Amino acid sequence: MPLDAAHLHLIRPMELEVALPKAIDKISAPLSPVEQQRLHQYVQANPTPRKIGLLLGLELGLRIGEICGLQWGDFDLKLGTLNINRTVCRISCGNGHTKVVIQTPKTRTSRREIPLPKQLLIMPKSCAEAPEMLHGSFPAASPSPPNPAATGKASKEITLISPLLK
């Protein structure tokens, strides 16, 4: 058990007044209904897997790691459902190195089947009909899964751009 010098009476006890930095919580405001509608229109005009993933997060409350873990096979367009079977996360390998891995969801209830709203059901169909989109991802199907941090950053950029569009 470490002992300090004041406790051992080697120095006089001192009172120090230290002002610690205050953590500033960044509170982001949710998108207004008008901004959400503009975002939908922006994605519908040029749907890509990443943009559709942004709407899935907005409409269904999916986590970024769940969006990154999606594959085209997770969409059941006949039943109008989306299956969440995996998540992508970045783990530490030591020595300051990290790697992106695909895992099963953390809890049993995180693995789920979600009904897709009709406005979202149309977009994966249009992407699935374009052959280049099938290989362009829903990314967990590719050999190297997408980085959740990069996906989150791109999502922020899209949400900043889309409300400015008319």
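In this predicted model, the count of aromatic ring pairs comes to 1. The pair is formed by Trp72 and Phe75, whose ring centres lie 5.7 Å apart and whose planes stand at 40 degrees, so the arrangement is classed as tilted; the reasoning rests on the cut-offs, by which planes under 30 degrees apart would count as stacked and those over 60 as edge-to-face. Both partners, Trp72 as well as Phe75, are buried.

The chain that holds this pair has 6 helices and 5 strands, and these follow one another along the sequence in the pattern α-α-α-β-β-β-β-β-α-α-α. Of its 166 residues, 33% are buried.

Two of the helices can be described as a packed pair. In general, two packed helices are described by the angle between their axes and the distance between the axes. Here the axes of helix α1, residues 33–45, and helix α2, residues 49–60, come within 10 Å and cross at roughly 150 degrees. That angle makes α1 roughly antiparallel to α2, because angles over 145 degrees are counted in that class. The crossing in which α1 passes α2 is left-handed, and the residues that meet across the contact are set out below.

| Helix | Residue range | Residues in the contact |
|---|---|---|
| α1 | residues 33–45 | Gln36, Leu39, His40, Tyr42 and Val43 |
| α2 | residues 49–60 | Lys51, Ile52, Leu54, Leu55, Leu58 and Glu59 |

Sorted by class, the residues in this contact of α1 with α2 are 7 nonpolar, 2 polar and 2 charged.

A further helix, α4, spans residues 118–129 and contains Leu120. Leu120 has a relative accessible area of 1% and is therefore buried, the cut-off for that class being under 20%. When residues up to four places away in sequence are not counted, Leu120 touches Leu55, Leu56, Glu59 and Leu60. Among these, Glu59 is 61 residues from Leu120 in sequence, while the C-alpha atoms of the two residues are 8.6 Å apart in space. Leu55 and Glu59 are also among the α2 residues that meet α1, and both of them are touched by Leu120 as well.

How values were computed. Residues are numbered from 1 along each chain as its sequence is written. This is a predicted model: local features need pLDDT of at least 70, side-chain atom pairs count only at pLDDT 80 or more; totals for chains, interfaces and linings use all residues. Side-chain values use heavy atoms; hydrogens and water are left out. Axes are lines fitted to C-alpha atoms, for helices over the stretch in contact, and angles run from 0 to 180 degrees between N-to-C directions. Helices (H or I, at least four residues) and strands (E, at least two) are DSSP runs, numbered from the N terminus. Angles under 35 degrees count as roughly parallel, over 145 as roughly antiparallel, 65 to 115 as roughly perpendicular and the rest as oblique. A crossing is left-handed if the near helix is turned anticlockwise from the far one by less than a right angle, and right-handed if clockwise. Contact means heavy atoms within 4.5 Å. Ala, Val, Leu, Ile, Met, Phe, Trp, Tyr, Cys and Pro count as nonpolar, Asp, Glu, Lys and Arg as charged, and the others, Gly among them, as polar. Rings of Phe, Tyr and Trp (its six-membered ring) pair if their centres lie within 6.5 Å; planes under 30 degrees apart count as stacked, over 60 as edge-to-face and the rest as tilted. Buried means under 20% relative accessible area, exposed over 50%, partly exposed in between (1.4 Å probe, protein chains only).
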